[in-house]
Amino acid sequence: MKSLSNEIRRARPLLGTLVEVGALGENAAPAIEAAFREIEIIHRLMSFHEIDSDIARLNRAPLLTAQQVDARTYEVLSWAQKISALSDGAFDITVGGKLVAAGFLPKPEDAEWPSEEANFRDLSLLSDNRVLLRRRAWVDLGGIAKGYAVDRAAATLKRNGVDSGIVNAGGDLYAFGAPQPIHIRHPEDASQLFSLGTLTDAAVASSSGCFTERREDGSSADPLVEPRRNTTVRWQQSVTVVAPRCLIADALTKVVRLAPRRAPKILPQFGAQAIIIDGRGVRCIAQSARRRSLGNPPRFRPAQMQEII
Amino acid sequence: MRTAQWTWLPAACLPVAAISIPAYAATYLTVEQAQQAIFPGEKLAPANITLTNEQAREIARRSDANVRHKDIKLWKVANGGFFVVDEVVGKHEFITYAVGLNADGTVKQIEILTYRESYGYEVRNADWRAQFVGKNAAAPLKLNTDIKNISGATLSCRHIADGVKRVLATYEVAFK
């Protein structure tokens with residue numbers, strides 16, 4: 001096993017959180033720099049707030065008019081649509097209006113308020129990285145773009161000759177090469193950690209109540225919209241998804257929270273597993289025998305969880 | 001064919017015991033390393049300044065942020081830029097970071113130097129924080145070095161964003 005002792009790690013405030021990039025090897029420093037630059041590009045392309053991002057342009061573009069977007073934005077939109085279809089709308093990127101109404105996102109200037117009925121089916125993907133909206137909706141990639149940025153940063157490290165590294169964007173992470181020990185925070189006590197074991201060539205994303213505001217009844221609200229009930233969600237659990245890509249892990253944490261009954265059918269199609277921690281204990285999703293994976297299953301070696309997965 | 005399903009694990013046989021970490025820390029760069037990372041190959045000269053009360057009030061007014069320290073750790077770069085080491089304190093976290101400014105006062109790059117988090121009283125305790133400033137990985141705090149990669153930590157960088165706003169106001173009021 002490679003030693004991680006001569007690893008270089010850097011951290012910068014990006015994507016609304018702290019992004020940490022670690023790499024091993026001679027070319028580590030310039031590779032890390034390139035990885036951060038890639039994350040900055042993803043941020044600029046997919047930000048809801050920045051007025052000239054692909055997403056902001058799409059949100060104020062006239063309906064039924066094809067908009068050219070960057071190939072990377074198109075890739076994220078394609079994955080989002082695939083996950084929306086498979087989860088029957090539990091995951092939906094057209095919830096920007098509800099997030100603005102709930103005060104989690106600032107209202108975009110010069111953009112018409114979206115229709116109450118808008119959903120992911122109103123977004124069409126055309127050829128040559130063109131997309132169009134059929135009904136007024138505000139697309140927000142907050143539930144998936146961070147994972148994509150992590151994937152792109154990891155790919156950038158690899159392209160720059162790094163064979164062992166990690167990218168961690170505020171808890172959404174991807175590790176490759178030397179196995180990395182991963183810990184998950186307890187949803188109700190941030191000083192308590194659970195060991196998830198080691199991870200190689202796989203991603204982990206968590207969605208949890210740490211650091212969100214507590215309400216009087218003990219529940220917490222966070223920027224996750226339940227599309228059917230049109231409200232932001234209150235919850236008291238932590239959902240962790242292990243998947244072949246961080247984009248998938250990031251998006252599937254929302255599917256597990258919003259469609260817990262269907263999640264065991266959806267997760268295996270993406271080669272993903274989930275771990276839920278709440279007041280009742282720890283739950284895991286079992287690996288399905290009939291996995292129709294969209295990627296190689298993660299090389300995930302659980303510490304002491306072998307018997308339950 | 002076996003289908004996937006949720007498996008509940010009774011609390012009594014929790015497979016993954018919780019580890020308690022009252023403090024967590026990561027060190028990324030020393031001040032010198034950050035200078036080279038942001039201004040590679042450039043000469044930097046220390047140019048520390050102490051703000052007057054009037055300047056501190058004006059910076060607070062412009063940035064809408066508290067000015068906790070009147071002593072500013074500032075370096076001037078040969079190319080006309082500036083390098084500032086600053087710190088922000090949250091409820092649980094204490095972060096030192098460096099901001100590189102271009103000659104025109106725009107942000108060139110931000111690098112985190114150290115990140116510390118604590119669930120005791122320590123973060124707001126000056127002695128506890130003092131032991132980290134300018135230190136490298138050999139910080140004299142007992143930390144579990146196996147804990148490197150934490151998921152489920154939706155850390156906000158709001159404090160850093162506020163800190164950078166304050167640094168930019170400081171540039172306007174006191175560096176130019």
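Reader: Where does Asp92(A) lie?

Author: This is a predicted model. In it, Asp92(A) belongs to the loop between α3 and α4 (96-101) of chain A.

Reader: Does that residue count as buried or exposed, and why?

Author: Asp92(A) counts as buried because it has 28 C-beta neighbours inside 10 Å, and the cut-off for a buried residue is 20 or more.

Reader: How far apart are Asp92(A) and Phe104(A) in space?

Author: Their C-alpha atoms are 16 Å apart, with a separation of twelve residues in sequence.

Reader: Turning to the whole chain, what does the secondary structure come to?

Author: Chain A has seven helices and 16 strands. Of its 309 residues, 51% count as buried. Among contacts between residues at least 6 apart in sequence, 62% join residues at least 24 apart.

Reader: Let us take helix α1 of chain A. What span should its 19 residues have?

Author: Helix α1(A), residues 28-46, should span 27 Å at 1.5 Å a residue; the C-alpha atoms at its ends are 27 Å apart, so the two values agree.

Reader: Which residues of α1(A) are buried?

Author: Among them are Ala28(A), Ala31(A), Ile32(A), Ala35(A) and Phe36(A), and the list also includes Glu38(A) and Met46(A). As a general point, an α-helix has 3.6 residues a turn, so residues three or four places apart point the same way.

Reader: How many bridges join β4(A) and β5?

Author: β4(A) pairs with β5 (residues 130-133) of chain A over three bridges. In one of these strands, β5(A), Leu133(A) is the bridge partner of Leu123(A).

Reader: Finally, which residues have the most contacts inside the largest nonpolar core?

Author: They are Ala249(A) and Leu252(A), in a core of 128 residues. This core draws at least three residues from each of domain 1 (54-133) and domain 2 (179-303) of chain A.

Reader: What does Leu252(A) touch?

Author: Leaving aside residues up to four places away in sequence, Leu252(A) touches Val241(A), Ala243(A), Leu267(A), Phe270(A) and Ala272(A).

Conventions: Residues are numbered from 1 along each chain as its sequence is written. Chains are lettered from A and ligands numbered from 1 in the order in which they are written. This is a predicted model: local features need pLDDT of at least 70, side-chain atom pairs count only at pLDDT 80 or more; totals for chains, interfaces and linings use all residues. Helices (H or I, at least four residues) and strands (E, at least two) are DSSP runs, numbered from the N terminus. The expected span of a helix is 1.5 Å times one less than its number of residues. A residue is buried if 20 or more other C-beta atoms lie within 10 Å of its own, exposed if 12 or fewer, and partly exposed in between; C-beta atoms are placed from the backbone. Two residues are in contact if their C-beta atoms, placed from the backbone, lie within 7 Å. Two strands pair if DSSP finds at least two bridges between them. A nonpolar core is a set of buried Ala, Val, Leu, Ile, Met, Phe, Trp, Tyr and Cys residues joined through C-beta atoms within 7 Å. Domain bounds come from an automatic or database domain assignment.
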